[in-house]
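Hi there,

Here is the structure I promised to send over. My notes on the chain contacts follow below it.

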Amino acid sequence: MKKFNTAILFSTVLFLLININFVIADIPALLLQEDHCVSCHSELEILPEDFQDYDSHLQIGLSCSGCHGGDPTSEDPEKAMSPKAGFIGVPSTKAIPKLCGKCHSNIDFMRTYQPRIPTDQVQQYFTSVHGKQLLKGDEKVAECASCHTAHAIASAKDARSSVYALNVPNTCKKCHSDADYMKGYHIPTDQYEKFARSVHGKDLLEKSDTGAPACNDCHGNHGAAPPGVESVAHVCGNCHVNNMNYFEASSMAEPFANLDIHACEQCHGHHDVEKTTDDMVGVGENSVCTQCHSTGDAGYQAAKEMHQSISEFVNDYNQAEAQLKDVQQKGMDDVDILYLLQEAHQTLIHTRTLVHTFSPDKISEKTSEGVKKTSEAMDLAKKEIRDYHVRRRGFGIATLFITVLVVALFFKIRGMERNQKKQS
Amino acid sequence: MEEQKTSRRKFLNFIIGGGLLGWVASVVYPIFSYLIPPKVPEAVVNSIKAGSVADFPSNSGKIVKFGRKPVLLIRTDTGEFLAFTATCTHLDCIVQYRQDIKQIWCACHNGIYDLNGRNVSGPPPKPLDEYKVNIVNDEIVIINELG
Amino acid sequence: MKTMVKNLYGWLDERFDLSPLIDFMSKKNVPVHRHMIWYYMGGVTLFLFIVQVMSGILLLFYYKPGADSAYESMRFILTKVNFGWLIRSIHSWSANLMVFFAFVHMFSTYFTKAYQKPREMTWVTGFLLLALALGFGFSGYLLPWNELAFFATKVGTDIVGALPLIGKPIMAVLRGGEDVTGATLTRFYAFHVAMLPAVFTVLLGLHLVFIQRQGMSEPEELARLPEDQKKWMPFFPNFVLRDAFLWLVVLNVLLFLAVFYPWDLGFKADAFAPAPAGIRPEWYFMFMFQTLKFLPGHILFVEGELVGILFFGIAGIAWMFVPFWDIRAKSTSKFNPMVIIGLISLIFIIVMTIVGYLM
């Protein structure tokens with residue numbers, strides 16, 4: 001009897017020890033414990049490659065069976081993964097949008113989780129190049145899981161997500177930069193390379209400025225397509241509002257549209273938008289105007305004049321900046337000069353934006369405004385430098401008086417002491 | 001000989017007197033000049049005057065210099081005065097008040113801030129710092145409450 | 001001109017009986033010998049003190065004490081006030097020169113044994129004046145409320161806090177609290193413009209009265225000579241004119257420094273920023289600072305820093321009482337213990353100051 005009791009005691013303790021983690025695990029793990037899909041697959045270490053426990057579906061309780069079907073309550077793999085229980089295995093590429101759409105296109109269902117979530121993704125997807133190709137039977141194109149991943153889905157606001165702004169270029173690049181994969185599509189595969197070199201790319205990827213555009217900001221999310229001729233200006237104009245407005249109101253808008261030239265792209269490129277330089281306007285070597293305009297036509301003349309005004313202003317601005325540095329180096333007061341230069345800099349930015357009006361008059365109006373400010377700044381700087389020299393001259397004068405006094409005193413003392421000696 | 005000496009002594013005394021006078025002047029002049037109050041009579045520390053209320057129309061904004069920083073002073077269409085730093089939190093352009101959308105706008109990349117200074121649209125990552133505005137005897141005074 | 005002065009003198013003499021005083025002053029003589037140059041050092045220090053008072057009072061017209069306004073008002077003085085830059089740089093340079101000349105004056109009176117009877121109290125008041133000058137320097141340094149000043153004050157007052165028992169309370173009184181804050185600035189301002197000037201003026205008055213009453217000390221070699229071989233110079237007008245001569249030269253040097261080596265404004269103090277590299281005290285504290293840095297963490301069972309502080313404290317007190325423990329050496333022996341002690345102290349100070357800047 002004693003031996004039997006000991007045996008029961010021993011096995012109970014052993015059982016509890018083995019299952020102690022059942023008692024102290026956290027809630028999601030507890031829930032997962034009931035889900036035998038995850039528990040078996042993790043025990044056997046055959047979880048999908050991209051499995052992450054921060055996956056949004058997993059976090060809200062929609063586990064494997066939610067998409068793959070089957071019976072998560074059964075420990076028996078045959079029963080759990082039987083087609084009778086709805087198991088569909090790994091869905092085919094072609095079937096994925098519809099599979100995701102089962103929930104994500106159903107607003108009645110989705111609003112119980114997120115009242116404001118859009119439900120037009122699948123619809124948009126089939127208008128995109130990816131969607132259209134998929135319908136044609138192309139299994140190489142991107143579908144939902146290609147960008148969002150299958151088992152590590154997270155909100156686009158979550159920094160871990162494959163569709164978080166800073167991660168988007170990497171996600172697209174997986175296919176679009178793979179020359180072998182993209183063989184047969186006859187589109188370039190250097191977009192990422194060019195983008196990474198561009199102003200936008202550097203801001204996004206190196207400075208982590210989420211204000212800079214990623215691929216989807218211009219191409220769209222689910223309805224991804226390269227922006228057409230009319231839409232280019234609008235796409236860029238989403239951020240570069242004034243540039244767009246000036247351009248659309250300018251004399252170049254119509255001819256560009258008629259010639260089927262993509263507005264902004266023609267001069268600035270798209271993926272490889274570089275930092276603009278003043279040389280782009282004008283008739284010099286690096287000018288974009290001379291791509292179409294040549295000596296003698298009105299455009300050439302306008303370009304020349306615009307470049308002239310801007311160069312003069314920039315020159316004055318640089319001069320003022322040099323004076324400022326001199327003032328600072330001499331330790332004189334630079335506050336007011338700095339403020340003026342800030343204002344002048346703002347005017348310079350506005351001038352460069354006004355280039356898109358292609359009107360030399362508007363440019364020179366703005367540059368005159370700017371030159372007034374830089375002149376004021378230079379006058380202030382000159383005054384400070386003059387003061388610097390006045391101080392030194394003042395010192396010279398004071399020294400002169402002191403020296404005169406000192407020399408006179410010297411003689412006075414000498415004379416006086418000579419007299420005293422004589423008298424004694 | 002004696003005459004020479006006395007004249008020399010007189011000359012020396014004259015030089016000393018003159019030199020002394022000059023020296024005293026070169027000491028007294030800066031001191032007096034120092035005591036005359038400069039145009040702006042005191043260190044601009046925490047507040048500036050920004051003009052009279054009567055001169056400021058409703059639903060308008062203007063940039064005012066606060067030390068070395070630009071500040072955007074706004075009068076809303078209800079007559080209330082607001083003031084924010086005018087340096088955009090994205091890439092440091094100077095923002096402006098838009099009378100049409102009644103919000104603060106940055107022309108560089110279309111960033112928009114509401115009248116609480118909060119960044120509500122576009123690239124700006126942070127709100128604009130707010131300044132307190134007091135009206136004293138019809139004069140607008142902008143105060144920096146930040147330490 | 002001469003009659004005007006005579007009439008004025010007569011008017012005053014009638015009322016205040018100035019004649020005995022004038023008589024006494026006209027008889028004042030200064031010994032003439034080859035080491036006379038040291039007699040002028042006290043006067044130069046006094047001149048620089050007068051410059052400090054004048055420039056300090058002028059600065060008071062525009063300076064605003066307070067963590068929110070001190071730095072800004074300094075900037076205002078330097079950029080907007082006419083000659084503000086000049087007054088400020090004069091004040092900063094003169095402070096340093098004054099401390100320098102005070103040390104020179106102190107060591108010269110030491111080595112010429114001017115502290116001996118009957119001049120013991122002149123020496124004691126002089127020592128206290130030197131300590132007060134250092135206090136002026138320490139308190140004034142914080143007033144611009146810039147980064148370097150803030151952290152130097154923090155380090156300096158931290159050292160005071162290392163004394164056992166009394167250290168922390170003294171530090172709290174100095175700082176106006178646990179940490180260096182705006183309260184410290186207010187306190188240092190009170191020390192600098194009110195408390196220290198009051199005490200200094202009293203001690204200075206005593207110091208000068210003693211000198212006027214007792215006259216300049218004669219160096220030993222002169223004292224040993226027979227009366228008819230001693231050379232003298234009347235204080236008025238000879239010595240005074242020579243003083244004026246030297247003071248003018250010093251003024252010119254001061255102006256040169258102020259114009260060509262203007263004092264920095266630096267960056268506004270930020271209590272939350274990490275200490276900038278290279279904080280160090282002003283040069284007149286450097287030798288003590290460097291010594292403390294050299295001391296090991298512990299000496300026997302006492303903290304190294306504490307040993308250093310106690311050492312300087314005791315050394316200071318000993319120095320103040322030099323006239324009372326003065327070791328008179330036999331005139332025949334070559335080794336004069338006071339001279340040796342003095343030389344060791346002087347060389348220690350100079351070497352430690354230089355090392356402090358090299359490291």
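Between chain B and chain A, about 2,200 Å² is buried, and carbon and sulfur atoms give 64% of that area. Please keep in mind that this is a predicted model. The contact brings together 28 residues of chain B and 26 residues of chain A. There is one salt bridge between chain B and chain A: the side chains of A:D336 and B:K65 meet there at 2.8 Å, N to O. Six residue pairs are in polar contact between these chains, both residues being at pLDDT 80 or more. On the side of chain B that touches chain A, the elements giving two or more residues are α1 (2-35), β2 (60-66) and β3 (69-75) of chain B. Of these, α1(B) gives the most, with eleven residues. By class, that side of chain B has 15 nonpolar, eight polar and five charged residues.

Now for the other partner of chain B. With chain C, the buried area is about 1,600 Å², 68% of it on carbon and sulfur atoms. On the side of chain B that touches chain C, the residues are 13 nonpolar, three polar and two charged. The contact involves 18 residues from chain B and 21 residues from chain C. I found zero salt bridges between chain B and chain C, but four residue pairs are in polar contact, again both at pLDDT 80 or more.

One surface feature may also interest you. B:L35, C:V53, C:I57, C:L60, C:F61 and C:V193 make a nonpolar surface patch of about 470 Å². Helix α3 (residues 39-60) of chain C supplies the largest share of the patch, three residues, while C:V193 sits in helix α9 (residues 182-214) of chain C.

Best wishes

Note on methods. Residues are numbered from 1 along each chain as its sequence is written. Chains are lettered from A and ligands numbered from 1 in the order in which they are written. This is a predicted model: local features need pLDDT of at least 70, side-chain atom pairs count only at pLDDT 80 or more; totals for chains, interfaces and linings use all residues. Side-chain values use heavy atoms; hydrogens and water are left out. Contact means heavy atoms within 4.5 Å. Buried area is the accessible area (1.4 Å probe) that two parts lose on being put together, summed over both. A salt bridge is a side-chain nitrogen of Lys or Arg within 4 Å of a carboxyl oxygen of Asp or Glu. A polar contact is a pair of N or O atoms within 3.5 Å; within protein, one must be able to donate a hydrogen and the other to accept it, and residues adjacent in sequence count only if both atoms are side-chain atoms. Ala, Val, Leu, Ile, Met, Phe, Trp, Tyr, Cys and Pro count as nonpolar, Asp, Glu, Lys and Arg as charged, and the others, Gly among them, as polar. Patches are made of residues with over 30% relative accessible area and no salt bridge: like charges are joined within 9 Å, nonpolar side chains (Val, Leu, Ile, Met, Phe, Trp, Tyr) within 5 Å. Accessible areas come from the Shrake-Rupley method with a 1.4 Å probe; for residues, only the protein chains shown count as cover. Helices (H or I, at least four residues) and strands (E, at least two) are DSSP runs, numbered from the N terminus.
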